[in-house]
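Please look through the following points with the coordinates open beside you.

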Amino acid sequence: MQQFEMHSKNANGIISIEYGRKYVYSFDLEGRLLNYINEGRTYRRTLQNHLIFSRVVSGERISEEVVEKEAKYIVDQAYDEIKNIIPSIRDNDITPFLSKIASMNWQKLQLDAENLTRIYSGSVPIVPPDQYFALYVILERGCKWNRCNFCELYRDRKFSTLSLKDITKQIVDLEKFFGMGIESRRSIFIGEANAMSLPQELLLSATELLNNHFRLPIYSFSEPFTGHGPKTVKELQELRNHGLKRVYIGLESGSRKILRLINKPMDLNVFRDYVHRLKESKISVGIIVILGIGGRNLYDEHMRNTVDIIKDLNLDSSDIVYLSPFVQYPGFNYTDDSEHIIPLSHEEMLVQGREIRKDLLQPKSEQNNDHVFPVALYNLLEAQY
Ligand code: SF4
């Protein structure tokens with residue numbers, strides 16, 4: 001490699017090295033590659049050793065998973081390049097970790113990913129886009145409902161609740177696994193589909209345990225229709241005091257008809273009440289909407305009802321709305337196909353997303369424009385841990 005200008009830093013456990021304004025590498029303190037930019041080509045490597053390639057086309061971010069053979073080539077190429085650069089790095093914050101980086105390659109990352117899968121007794125299906133740098137800890141495995149017909153995330157596992165003993169062992173195993181790399185973790189994500197439905201005592205004990213080990217903000221998926229239903233404001237406040245920062249709820253659609261068609265037993269009044277309880281407890285929310293889920297036939301109903309219910313939640317800048325293009329699994333069917341729902345193309349879903357976003361960000365009245373919250377895309381393929 002030619003000699004170019006170089007910048008490097010260790011920012012809270014993430015080492016980044018920029019070389020010649022064309023190459024950027026980031027690693028955790030154990031030398032695991034996290035991100036790699038090569039002449040404008042941007043890659044994110046997940047802890048499960050998948051490589052996601054992202055680019056922006058006409059203002060839209062498009063991502064795809066790189067096939068394994070090519071991913072191996074690209075990751076090994078990144079390590080070969082960095083090994084050439086290492087001798088010229090003088091930054092004292094980084095030099096203690098360079099030998100770890102230099103000793104890594106695809107094969108070792110593959111074994112690393114297998115070790116992580118063993119700790120979780122399976123793969124991690126998904127995390128929200130702002131949780132790629134979380135420490136994932138399973139408190140409850142799978143989804144108790146597991147019957148929404150558009151969702152296959154947890155179909156491969158039986159629902160079970162972990163004991164405090166199992167959770168303690170998992171934490172110890174994760175500490176050992178991450179080593180110094182734990183410093184790259186910015187939060188804790190408690191899995192899987194609805195850890196919030198655990199009995200309050202167990203949830204408090206588990207979050208206390210997590211606080212004793214890590215002192216990081218805690219995030220969780222949730223839905224209000226399994227277990228004993230949503231927690232009370234008092235219970236939520238206890239959890240907030242134990243570090244719970246945000247809860248992500250898959251609303252999918254504000255249309256009762258569409259919820260029936262996708263077999264999601266979400267009572268919209270209960271959903272609204274749950275969000276209000278969370279907000280009253282000073283826990284922020286992430287609301288997930290599926291773009292294109294009503295197809296062409298229910299396009300307007302999906303848009304209108306979804307916007308109406310979200311506008312009624314009084315979200316603020318601490319909350320977020322995620323718009324996730326519908327990924328149709330082979331074999332997917334609506335519970336009743338008498339409407340002959342015509343699917344939207346990916347581009348049509350993005351158009352629907354832009355329309356929903358515009359309506360959501362329209363102030364309720366000219367006097368009231370304080371309720372501004374982020375609305376972002378949630379690409380399921382990118383959401384790998
Ligand atoms: S969408 Fe949520 S509630 Fe429905 S099956 Fe999937 S994880 Fe379970």
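A crossover is called right-handed if, with the strands pointing away from the viewer, the path from the first strand over the helix to the second runs clockwise. The model under discussion is a predicted one.

1. By that criterion, strand E11 (residues 187–191), helix H5 (residues 200–213) and strand E12 form a right-handed β-α-β unit. The chain then continues from E12 through helix H6 (residues 233–241) to E13, and this β-α-β crossover is likewise right-handed.

2. The pairing on both sides of E12 can be followed residue by residue. E11 and E12 are paired in the parallel sense over 3 bridges, and Phe 189 has Tyr 219 of E12 as its bridge partner. With strand E13 (residues 244–252), E12 pairs over 5 bridges, again in the parallel sense, and here Ser 222 finds its bridge partner in Ile 249 of E13.

3. How many of the residues of strand E12 (residues 218–222) are buried? The count is 5 of the 5, so the strand is largely enclosed by the rest of the structure. Ile 218, Ser 220 and Ser 222 point one way from E12, while Tyr 219 and Phe 221 point the other way, and all of these residues are buried.

4. These strands belong to an open sheet of 7 strands, in the order E8-E11-E12-E13-E14-E15-E16, with parallel pairing. Strand E8 (134–138) and strand E16 (375–377) stand at the edges with a single partner strand each, and therefore one side of each has no neighbour in the sheet. On average, and with direction ignored, neighbouring strands of this sheet are turned by 25 degrees against each other.

5. Further along the sheet, strand E14 (residues 284–291) and strand E15 (residues 320–325) run parallel and are joined by 6 bridges; the bridge partner of Val 289 in E15 is Leu 323. Helix H10 packs on the sheet, where it touches E14, E15 and E16, and the direction of H10 makes about 160 degrees with that of E15.

6. H10 (residues 346–360) also packs against helix H9 (residues 299–311), at an angle of about 30 degrees and with the axes 10 Å apart; H9 passes H10 in a right-handed crossing. On the H9 side the contact is made by Tyr 299, Met 303, Thr 306, Val 307, Ile 310 and Lys 311, and on the H10 side by Gln 352, Glu 355, Ile 356, Asp 359 and Leu 360. The residues of this contact divide into 6 nonpolar, 2 polar and 3 charged.

Note on methods: Residues are numbered from 1 along each chain as its sequence is written. This is a predicted model: local features need pLDDT of at least 70, side-chain atom pairs count only at pLDDT 80 or more; totals for chains, interfaces and linings use all residues. A residue is buried if 20 or more other C-beta atoms lie within 10 Å of its own, exposed if 12 or fewer, and partly exposed in between; C-beta atoms are placed from the backbone. Helices (H or I, at least four residues) and strands (E, at least two) are DSSP runs, numbered from the N terminus. Two strands pair if DSSP finds at least two bridges between them. Axes are lines fitted to C-alpha atoms, for helices over the stretch in contact, and angles run from 0 to 180 degrees between N-to-C directions. A crossing is left-handed if the near helix is turned anticlockwise from the far one by less than a right angle, and right-handed if clockwise. Two residues are in contact if their C-beta atoms, placed from the backbone, lie within 7 Å. Ala, Val, Leu, Ile, Met, Phe, Trp, Tyr, Cys and Pro count as nonpolar, Asp, Glu, Lys and Arg as charged, and the others, Gly among them, as polar.
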